[in-house]
Amino acid sequence: MDRNMVDVVIVGAGPVGLSLAADLRRYGVSVRIVDRKAGPEVYSKAANFWPRTQEVAEAIGYGAQVQAAAVAIKATTVYAFGSLLGTIPARSYHEFGTPFPQVLAVSQGQVEHIVRDYLEAQGQAVEYGVKFVSLQQDNDGLDVVLERNGQREQLRCRYLVGCDGSKSSVREAMGIPLHLQPLQGRGFQQIDARLRWSRPATNDQMWFFLYDDGFAGIVPLPNNLYRFFVVRDLAKVPDRDPTVEEMTALVQQISGDTQAAFFDPVWFSHGILRYGVAGTFRRGRVLLAGDAGHATVPIGGQGMNSGIQDAFNLGWKLAAVVHGTSPDWLLDTYAQERRKVRSDLAADQKSNFVRLSAPGPLLKALTRNVGAWVLQRGGSVELGRNRDESQLDIAYPDSLLNDDQVRKGNVRVGQRAPDAVVTRASDLSATTVFHDLYAGQWALLGFDAGQDQEHLALYQALDLCSDVAHIRPRLVLARPRVPQRYKDQVLFDVDRLAHTRYGVSQPMIYLVRPDGYIGYRGLAANIGALRAYIARVFPASNRADVLPSLSAAHTI
Ligand SMILES: Cc1cc2nc3c(=O)[nH]c(=O)nc-3n(C[C@H](O)[C@H](O)[C@H](O)COP(=O)(O)OP(=O)(O)OC[C@H]3O[C@@H](n4cnc5c(N)ncnc54)[C@H](O)[C@@H]3O)c2cc1C
């Protein structure tokens with residue numbers, strides 16, 4: 001690779017930049033990823049991996065390493081205003097059709113080490129000690145200036161992605177505003193340390209405490225460490241990191257356990273709770289992802305997780321535009337989709353955290369009287385959240401990429417396509433729908449709904465998509481009859497697990513994007529609508545231009 005001419009420069013090797021680099025490498029896009037720090041993050045910062053992030057990590061290729069390093073959360077105990085509401089088993093996210101139904105505790109430092117090692121094993125260097133200085137864009141690309149040890153280097157690239165965190169110099173260079181809004185005078189204090197207390201410290205449980213001043217939590221980290229955070233009135237939060245003694249006094253007061261004590265601390269943090277979204281995520285050939293585009297409240301476990309979703313939404317789109325198989329407007333859909341998700345997240349965090357961190361008399365009375373009942377029925381510990389925190393329910397209902405010819409039913413265009421177990425027609429072995437969805441291509445899923453007479457239309461759709469590069473065509477048949485020549489492309493669904501998951505009751509075609517979201521849905525017989533969608537999204541595509549093939553190890 002000519003070091004001075006690459007497809008994409010990524011500024012920032014936090015979890016978002018690293019994940020984007022790993023995803024782009026899958027598609028054969030040449031990348032330089034630089035970071036001004038000396039190496040991967042040593043502190044915990046983010047401490048959790050939600051189920052959707054696990055799906056993404058698995059698809060990109062570093063999921064198994066995260067699973068091996070992490071601890072699965074097994075239970076949550078909730079106290080409210082001095083009373084025990086109860087202990088509930090950790091929620092299982094099976095209802096979303098995911099192979100990863102648990103929440104994992106894993107530190108951001110571990111994630112950065114894992115992805116850095118993964119990239120290096122693929123031959124992709126992560127250039128630490130290199131600072132982004134400036135950029136200049138024209139019609140064909142960008143001139144970028146970097147600096148290492150005081151030496152400047154100029155290089156040319158086609159796109160640049162600012163993954164350079166909340167104080168993003170890329171965002172500043174582009175003059176894109178991000179106004180931070182304080183969360184109604186709320187601040188937080190935090191310690192990551194070992195914990196000795198009277199409760200069983202099994203390192204796979206969480207404790208939440210609603211108390212008069214706000215709320216607090218104890219969450220496990222790998223290596224038998226715990227994170228204790230307290231959210232309360234900013235006036236009570238000194239503008240410095242807390243001490244071990246202060247956090248020990250707080251945990252004793254809030255948990256009522258006079259034996260509780262922290263020792264061997266590894267990280268402290270404090271600050272104002274703030275949120276905000278950048279004015280745009282795209283300006284010409286420059287894109288923003290992760291904290292560069294969005295400031296998230298550091299409690300609630302969303303910042304790193306949603307940043308990795310940014311990377312996964314952007315990776316395949318950048319690859320398709322760089323390879324010339326999809327038009328440039330595909331990148332607008334990144335900015336449109338992810339900015340909307342992040343604006344919604346900001347609004348959601350605002351309403352939930354204000355309610356929790358400054359509980360009024362109504363919330364207190366409600367929690368005291370019905371909190372235990374809500375909890376036992378699987379209610380959120382947040383008692384009033386608006387969306388699912390696992391990020392599995394994130395959807396892009398207004399995307400420019402959407403074409404819904406049906407407009408009813410429960411799995412619609414713009415939503416995440418769910419998983420289900422199916423059987424390969426070729427050798428009758430068990431597999432999953434995800435295995436075909438996350439192979440680095442679009443996927444056609446044609447469902448027969450058990451109706452033989454529509455098989456002809458489904459085979460027509462299969463043939464049509466077989467002629468288009470970047471689409472992996474598959475039929476999901478409840479009636480297990482298939483001509484020999486189509487056997488490799490057919491999945492049997494005799495018990496209709498996949499049909500039920502997708503809510504299919506008549507023969508239907510889905511086109512699923514490489515990031516697992518549904519782009520097109522129509523009746524099997526409506527081949528004209530499918531053809532029109534393909535012409536819009538892949539105007540330049542044919543079997544002759546094939547992307548570098550992805551190894552099967554990269555599929556879920
Ligand atoms: C106390 C705390 C607790 C948190 N807990 C959670 C949690 O439990 N779950 C969760 O999901 N999120 C959590 N977060 C949020 C999470 O840490 C961030 O959302 C995450 O770091 C964002 O990743 P990123 O890659 O976008 O940015 P960053 O991690 O900030 O990485 C940006 C990188 O860009 C580099 N950089 C900056 N400027 C330049 C430049 N000019 N040139 C070259 N490189 C540059 C930086 O050195 C840095 O490495 C927490 C945050 C805090 C502070």
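Colleague: What is a pocket, and which residues count as lining residues?

Modeller: A pocket is an open set of grid points with protein on both sides, and a lining residue has an atom within 4 Å of a point. The model here is predicted.

Colleague: Which residues lie nearest the centre of the second largest pocket?

Modeller: Rolling a probe the size of a water molecule over the atoms shows where empty space is left. In this structure, 16 residues line the second largest pocket, and those nearest its centre are Phe96, Asn410, Val411, Gln415 and Arg416. The volume of the second largest pocket is about 270 Å³. Its lining consists of eight nonpolar, three polar and five charged residues.

Colleague: How many residues surround the ligand, and which are the closest?

Modeller: A residue is near a molecule if one of its heavy atoms lies within 4 Å of it. The ligand is surrounded by 33 residues, with Asp35, Asn48, Gln108, Ser169 and Asp291 the closest. The shell around the ligand divides by class into 12 nonpolar, 13 polar and eight charged residues.

Colleague: Which polar atoms lie by the oxygen atoms of the ligand?

Modeller: A polar contact is a pair of N or O atoms within 3.5 Å. Lysine 37 has a polar side-chain atom 3.0 Å from an oxygen atom of the ligand. Two further cases involve the backbone. A polar backbone atom of glycine 303 is 3.3 Å from an oxygen atom of the ligand, and for methionine 304 a backbone N or O atom lies 2.9 Å from an oxygen atom of the ligand.

Colleague: What share of the ligand's exposed area does the protein bury?

Modeller: The ligand exposes 990 Å² when taken alone, and the protein buries 90% of that.

Colleague: Which elements give two or more residues to the shell around the ligand?

Modeller: They are the helices α1 (15-26) and α7 (303-322), together with the strands β9 (130-137), β12 (181-196) and β16 (261-277).

Colleague: What is the radius of gyration of the protein chain?

Modeller: The protein chain has 24 Å, which agrees with a compact globule, because one of 556 residues would have a radius of gyration near 24 Å. Along the principal axes, the C-alpha atoms fill a box of roughly 70 × 60 × 35 Å. The chain has 13 helices and 27 strands.

Colleague: Where are asparagine 224 and alanine 449 found?

Modeller: Asparagine 224 lies in the loop between β14 (214-221) and β15 (225-233); although not a glycine, asparagine 224 has a positive phi of about 60 degrees. Alanine 449 is in the loop between β23 (442-447) and α11 (455-466), and its phi is also positive, near 55 degrees.

Notes
Residues are numbered from 1 along each chain as its sequence is written. This is a predicted model: local features need pLDDT of at least 70, side-chain atom pairs count only at pLDDT 80 or more; totals for chains, interfaces and linings use all residues. Side-chain values use heavy atoms; hydrogens and water are left out. On a 1 Å grid over the protein atoms alone, a cavity is a set of points where a 1.4 Å probe fits but cannot get out, and a pocket is an open set with protein on both sides within 12 Å along at least five of seven lines; lining residues have an atom within 4 Å of a point. Grid points are joined across faces, edges and corners, and a volume is the space filled by probe spheres set on the points. Ala, Val, Leu, Ile, Met, Phe, Trp, Tyr, Cys and Pro count as nonpolar, Asp, Glu, Lys and Arg as charged, and the others, Gly among them, as polar. A polar contact is a pair of N or O atoms within 3.5 Å; within protein, one must be able to donate a hydrogen and the other to accept it, and residues adjacent in sequence count only if both atoms are side-chain atoms. Accessible areas come from the Shrake-Rupley method with a 1.4 Å probe; for residues, only the protein chains shown count as cover. Helices (H or I, at least four residues) and strands (E, at least two) are DSSP runs, numbered from the N terminus. The radius of gyration is taken over C-alpha atoms; the globule rule is 2.2 Å times the number of residues to the power 0.38.
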